[in-house]
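Trainee: I am new to this structure. Could we go through it by question and answer?

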Amino acid sequence: MSQTWWRGAAIYQVYLRSFADGNGDGVGDLAGLRARLPYLKDLGIDAIWLNPWYPSPMADGGYDVADYRDIEPDFGTLAEAERFIAEAHDLDIKVIIDVVPNHSSTESAWFREALANPAARDRFWFSDEPANDWQSIFGGSAWTQVPDGQWYLHLFAPEQPDFNWANPEVHREFEDVLRFWFERGVDGFRIDSAALLYKSDTGYEDLDEVHDVYRRWREVADEYGERVLIGEVWLPDQERFARYLRPDELHTAFNFDFLSCPWDPAALRRVIDLTLATHTPIGAPPTWVLSNHDVTRPVTRYGRADTTFEHGGRLHGTPSDPELGYRRARAAALLSMALPGSVYVYQGDELGLPEVENLPDELRQDPMFARSGGANPGRDGCRVPLPWSGDEPPYGFGTGTPWLPQPESWRGLTAQAQRTDPGSMLTLYRTALAIRRDRLGDGTMTWLPLGENVLAFTRESGLTCVTNLGPGPVPRPAGEVVLASGPLEDGALPSDTTVWLTTS
Ligand code: GLC
């Protein structure tokens, strides 16, 4: 792969606790992941992004990091992580890990020191009274009181105290953490809550000072060569968003506008055009994201009357037509893989897993659920352990009882059941990723005018991607069909279907 492998990469997101369990405790781990590396190689991805794998009390699925330089014992050991990185590299798969610079864990050494010694509190935001009326993003106040009477800030759960980035020690700490992992071979970082680090009297979102942090991180990454920094930046303002992707800052950032966009031709066209207009002038490759560990699975989303995604209103429990959602998710997958730039695949989407909406409340672990008083179901429904094989739970996930229960209805969705089925979602992903590797990825696209309900464009390789989002079939451009997301009719492209073809 070239110096700029990340520009067109297909990146597979591994939510480790739910990927595969190697030691039978019901929680996914590095042993499980290492055993499944051949599956990922066969799927045809270029890189793995792992959610936090650090020691953590798991108050927020590992985004409450107690030690940035070690591995959660439930997941394995540091030595095992190093073996995993080497094994992935042997298969030509890059490894990207999560770094969480906005907040820590109440169990971290720094926070414990701060609790024990009021003179050691400047690495966090402590004050005698809540300094403002900010609400936690998970619900409730963003301030929690400690036994001696002071309060500390946490934009997320109380177990996740926010760092004070006005303190130079915090800068030094994170630069050192980046080096620690670069030296162990990781190929990049996904930066959690990347726009929230600085706080002022007026707020915390996207303050200008944050860019100095990423300029410095870019220098560090560049010392190691071929390493990538990926921002989790939820910002509606494209001009502000683009500032994170200036040539001396982050390499790429997730395209959440695309993820949140309804299954609607005009809206999608607008997002694609806006994405290209934002990225092209600064030379940053776009990313195409349909899903992740925080959002409702596409199969469920796209089967609803309202196909948008919003964190606040997750539309939990609204009726979803599974057949329609599945067909659209297939069409959306081919669309996302054909667009110029890098593409993300969240584990389980390649199996067409739906959101699990009927988890018993007492098993829900996402702090969003408890902190909203149950009003928001949270994100457990897209984090249910993967079904690998067999006819009943735990479907080859491991030998123990999975930490969240898997539905009986997943019997036909295991990787094993789909592997040899030419019509399965898994086969579609595998075939598409193989074609994408040679003919799509980084570059440019040219729209083809095929009507308002149709998104059609050609890539440099001559491959044309056509998606019909209208209610009925449309004429299909002449050309040899390379891959289709669903059955085709003679000379026509049915509703909610994408086809890849070559026109010359
Ligand atoms: C990001 C993560 C999410 C986490 C939050 C706080 O949005 O993707 O899972 O809860 O940050 O760290």
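Trainee: How far is an oxygen atom of the ligand from an N or O atom in the side chain of Arg190?

Mentor: This is a predicted model, in which local features need pLDDT of at least 70, side-chain atom pairs count only at pLDDT 80 or more, and totals for chains, interfaces and linings use all residues. Residues are numbered from 1 along each chain as its sequence is written, and side-chain values use heavy atoms, with hydrogens and water left out. A polar contact is a pair of N or O atoms within 3.5 Å; within protein, one must be able to donate a hydrogen and the other to accept it, and residues adjacent in sequence count only if both atoms are side-chain atoms. For Arg190, the distance from its side-chain N or O atom to the ligand oxygen is 3.0 Å.

Trainee: Which residues come nearest to the ligand?

Mentor: A residue is near a molecule if one of its heavy atoms lies within 4 Å of it. The side chain of His103 has an N or O atom 2.9 Å from a ligand oxygen, and a polar side-chain atom of Arg379 is 3.0 Å from a ligand oxygen. Of the 14 residues around the ligand, those that come nearest are Asp60, Asp192, Glu232, His293 and Asp294.

Trainee: Which element gives the most to the lining of the largest pocket?

Mentor: On a 1 Å grid over the protein atoms alone, a pocket is an open set of points with protein on both sides within 12 Å along at least five of seven lines, a cavity is a set where a 1.4 Å probe fits but cannot get out, and lining residues have an atom within 4 Å of a point. The largest pocket has a volume of about 780 Å³, where grid points are joined across faces, edges and corners and a volume is the space filled by probe spheres set on the points; among its 40 lining residues, Ile137, Phe156, Glu232, Trp234 and His311 are the closest to its centre. Helices (H or I, at least four residues) and strands (E, at least two) are DSSP runs numbered from the N terminus, and those giving two or more residues to this lining are α7 (238–242), α8 (256–260) and α9 (265–279). With 3 residues, the one that gives the most is α8.

Trainee: Is Thr278 buried or exposed?

Mentor: Thr278 lies in helix α9. Buried means under 20% relative accessible area, exposed over 50%, and partly exposed in between (1.4 Å probe, protein chains only). Because its relative accessible area is 9%, Thr278 is buried.

Trainee: Which residues lie nearest the centre of the second largest pocket?

Mentor: This pocket holds about 370 Å³ of space. Its lining divides into 11 nonpolar, 6 polar and 3 charged residues, where Ala, Val, Leu, Ile, Met, Phe, Trp, Tyr, Cys and Pro count as nonpolar, Asp, Glu, Lys and Arg as charged, and the others, Gly among them, as polar. Of the 20 lining residues, those nearest the centre are Pro354, Glu355, Val356, Ser409 and Trp410.

Trainee: Which element gives the most to the lining of the largest cavity?

Mentor: The whole structure has 4 cavities of 30 Å³ or more, and the largest has a volume of about 60 Å³. Its lining includes Leu290, Pro298 and Tyr429. Both α11 and β11 (342–346) supply at least two residues. The element that gives the most, with 3 residues, is β11.

Trainee: What is the omega of the peptide bond from Pro393 to Pro394?

Mentor: Most peptide bonds are trans. Pro394 sits in the loop between α12 (367–371) and α13 (415–419). The bond from Pro393 to Pro394 is cis, with omega near 5 degrees.

Trainee: What is the phi of Tyr395?

Mentor: Most residues other than glycine have a negative phi. Tyr395 lies in the loop between α12 and α13, and counts as buried because its relative accessibility is 0%. Its phi is positive, near 50 degrees.
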